[in-house]
Amino acid sequence: MTVRPNIAAMSGYVPGEQPQGGKLIKLNTNENPYVASAAVATAIQRVVGEGLRRYPDPTATAFRLRAGEILGVEPDWIMCGNGSDDILTIVTRTFVGEGQQIRSPYPSYVLYKTLANIQGADCERIRFNADWTLPENFAEVGDETRLVFLANPNSPSGTLVRPEEVLQIAERLPCPILVDEAYGDFAEANCISLVKENPRIMVSRSMSKSYALAGLRFGFIVAQPNVIVELNKVKDSYNCDALSIAAATAAIDDQAWLSNTRAQIIASRGRFEIKLAQLGLTVQPSQANFVWATYPGMPLQNVYEQLKASGVLVRYMDYDGWDEGLRCTVGTDDQIDACLELLKQILHSN
Ligand SMILES: *Cc1c(COP(=O)(O)O)cnc(C)c1O
């Protein structure tokens, strides 16, 4: 059996742990701790009642109409996907071929490299400055670079590149830039309106984090209509099912739910940052629904293991050339307090 050499050579993306059942306090994959809008369950029940005999709308028109109104773009500027990871896959397949390159900052979302490698392409990772700003030469790409990925806010740092800077980068780039706004709803600023100013800018969004629908799988991209036409040729015909289209449409329609939940998470985030700093951790001010905490001199893998043994799961990360850190999702205040209490005990006994 011969697989393509680039597939044989890669190790495959490893998602964060997803323990099923149990009573773990799960702060490792940036899920929303609150229950989605009640309109979601109603919408799913309606579709189930109608039966699932027919294929879904291939382009999720109902969602695009409502999302377009909310975001201030026409529906033909939107394409939907089976989670925003599906969007990232479609974009990579559309723009990047064998032997070519994508560029992304480092440390950032690990999936970008996997997507490049599946195409037989390279991922050129440009290190962030120590303060998580982009280096001056970020837009200076080589001849083979076909796509730039920018997670914004970034993971694991939770930091934001301001839209003005994203626009300047796009103006200097010869290739498209995908601004991955999986955490955009938690940030002070976003790049949606820039899509109208520069045809190379595309913005992806996820319903998984801010709308509490990680189990549903729904995301979308905003790009100029001639780009959407090309992306639509690459996606699976029915990449979103009837249940997810109805549920995501109901979720985005409930903007009151979003603003309440966002306000709660942002308030909890501020509290979490202050208390982690009081425990001696170095905390990066976050624009997302997680915080990145380091503790130079303290072996954090050990701290992660002890937290896990006591029922609190966070994400331990050790990026080449960076202090190891813990990325902790902003859960409910009770979950955060449980995490902080354990950290206090663990750090004092080390
Ligand atoms: C969670 C995440 C995604 C994927 O979101 P889904 O819509 O669940 O596929 C994409 N990019 C980043 C940076 C993420 O953290």
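This is a predicted model: local features need pLDDT of at least 70, side-chain atom pairs count only at pLDDT 80 or more; totals for chains, interfaces and linings use all residues.
A polar contact is a pair of N or O atoms within 3.5 Å. In it, a backbone N or O atom of Asp-85 lies 2.9 Å from an oxygen atom of the ligand. An N or O atom in the side chain of Tyr-183 is 2.6 Å from a ligand oxygen atom. For Ser-208, a side-chain N or O atom is likewise placed 2.6 Å from an oxygen atom of the ligand. The ligand exposes 390 Å² when taken alone, and the protein buries 92% of that area.

The surroundings of the ligand were examined next. The space that the ligand takes is the largest pocket. Around the ligand stand Gly-83, Ser-84, Asp-85, Tyr-109, Asp-180 and Ala-182. Tyr-183, Ser-206, Ser-208, Lys-209 and Arg-217 also belong to these surroundings. By class, this shell holds 4 charged, 4 polar and 3 nonpolar residues.

The cysteines were then considered. A disulfide is a covalent bond between the sulfur atoms of two cysteines. The structure contains 0 disulfides. Cys-80 is in no disulfide, and its nearest cysteine sulfur, in Cys-240, is 5.5 Å away. Cys-80 is buried, with a relative accessible area of 3%. The sulfur of Cys-339 has its closest cysteine sulfur in Cys-328, at 5.0 Å. A disulfide requires the two sulfur atoms to be within 2.5 Å, so this separation is too far for a bond. Cys-339 has 0% relative accessibility and therefore counts as buried, the cut-off being under 20%.

Note on methods:
Residues are numbered from 1 along each chain as its sequence is written. Side-chain values use heavy atoms; hydrogens and water are left out. A residue is near a molecule or strand if one of its heavy atoms lies within 4 Å of it. A polar contact is a pair of N or O atoms within 3.5 Å; within protein, one must be able to donate a hydrogen and the other to accept it, and residues adjacent in sequence count only if both atoms are side-chain atoms. Accessible areas come from the Shrake-Rupley method with a 1.4 Å probe; for residues, only the protein chains shown count as cover. On a 1 Å grid over the protein atoms alone, a cavity is a set of points where a 1.4 Å probe fits but cannot get out, and a pocket is an open set with protein on both sides within 12 Å along at least five of seven lines; lining residues have an atom within 4 Å of a point. A molecule sits in a cavity or pocket if more than half of its atoms lie within 2 Å of its grid points. Ala, Val, Leu, Ile, Met, Phe, Trp, Tyr, Cys and Pro count as nonpolar, Asp, Glu, Lys and Arg as charged, and the others, Gly among them, as polar. Buried means under 20% relative accessible area, exposed over 50%, partly exposed in between (1.4 Å probe, protein chains only).
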